[in-house]
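Hi everyone, thanks for coming. I'd like to walk you through one model today, so please have a look at it with me.

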Amino acid sequence: MKIHYQKYTFYIKAIEPLYLPYYKGSTFRGGFGNAFRKIACPLRVINCDKCLLKQKCIYAYVFETPPPEGSTILNMNKYEKIPHPFVIEPPEWRQQYFPEGQTLSFNLILIGSAIDYIPYFIYTFEQLGGIGIGKGRGKYILSEVKIDGITVYKIGMLKKSISKIMEIPSKFETTDSVENLTLKIITPLRIRYQRKFVTELDFHILVRNLIRRISLLGYFHCGEQLPDFTVQEVIRHAETINTINSNLRWHDWERYSSRQETKMKLGGVVGEIVYRGNIAPFIPYLKAGEILHLGKNTSFGLGKYEIILDEA
């Protein structure tokens, strides 16, 4: 399986003071969603499910992602939604006040077919700058967009770029090696297991969610087929991996949803956990998750983690 993706860094310059919350994912994702609907939704309908154009609408594809007509993959009743083909990684700075003239940046990760829509994302963030974000709706200008430090967009100029590819093995093969793996969870990770949000992350729970997310992103957004192995085969091996140390903690976070007119609790686990066992076969999936994020609400930047492998 090949997952096509691209990671863009957006640089915005405050032209009015910006007052942003401690965790800025809700501000950028919420503001983007509202502006994108105004720009891309042709009929301005509230419920995409009942819209005649949902299969061809860019807004519906990015935010609602309806299953393609005739799709037979999996039993979709097991899943709430097909994962969105984008992740917004907000600034990690704790700073909440940005004076006029200060520049800040955030990352946008696009997956599969969504890469073709980068002009829409750029245009939307430009328009959002004129609308304003945060408390008091401070305004900004989008000064440039970069990929790996190379400028691909400035006002009036957008360069084409080649998407990156992550290779996911189609077969699952075990080895005899034993490693320690440290998982450092940076933004709240929201994973449900047996209908409850987990506070202790057993390795098999981590792997179940990684396989599901990678498989669905690959199928629905990259035109790929599912891996040849069975999930049960992988889970059985994942259950042999032990947790040897954990300092995970629950971090509560909430945002106000203007669309649902209510506050939403988006808490999750953060911290570090160390696993030990034959981890090598899982490394491609774990590395993919570093880019794609994991769990619920990844479009807000949640579920970001890093891995450290100790082969000694």
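Let's start in the loop between strand E11 (192–193) and strand E12 (196–197), where we find Gln194. Helices (H or I, at least four residues) and strands (E, at least two) are DSSP runs, numbered from the N terminus. Before I go on, some housekeeping: this is a predicted model, where local features need pLDDT of at least 70 and side-chain atom pairs count only at pLDDT 80 or more, while totals for chains, interfaces and linings use all residues. Residues are numbered from 1 along each chain as its sequence is written, and side-chain values use heavy atoms, with hydrogens and water left out.

Back to Gln194: its phi is positive, about 55 degrees, although it is not a glycine. Is Gln194 buried or exposed? At 63% relative accessibility, Gln194 counts as exposed; the cut-offs are under 20% relative accessible area for buried, over 50% for exposed and partly exposed in between, with a 1.4 Å probe and protein chains only.

Now take His293, in the loop between H6 and E18. His293 is not a glycine either, and has a positive phi of about 65 degrees. This one counts as buried, because its relative accessibility is 1%. His293 follows H6, and within H6 the residues Ile283, Tyr285, Leu286, Ala288, Gly289 and Leu292 are buried.

On to the cores. A nonpolar core here is a set of buried Ala, Val, Leu, Ile, Met, Phe, Trp, Tyr and Cys residues joined through side-chain atoms within 4.5 Å. The largest has 43 residues, and Leu201, Phe203, Tyr275 and Leu286 touch the most other members. Elements giving two or more residues to this core include helix H4 (203–222), helix H6 (283–292) and strand E17 (268–277). H4 gives the most, with nine residues. Apart from this core lies another, of 39 residues, among them Ile58, Phe106, Leu110 and Val152.

Finally, a helix pair. The axes of H1 (residues 25–40) and H3 (residues 118–131) come within 9 Å and cross at roughly 105 degrees. Axes are lines fitted to C-alpha atoms, for helices over the stretch in contact, and angles run from 0 to 180 degrees between N-to-C directions. H1 and H3 are therefore roughly perpendicular, a label for angles of 65 to 115 degrees.

Methods
Parallel < 35°, antiparallel > 145°, perpendicular 65-115°, else oblique.
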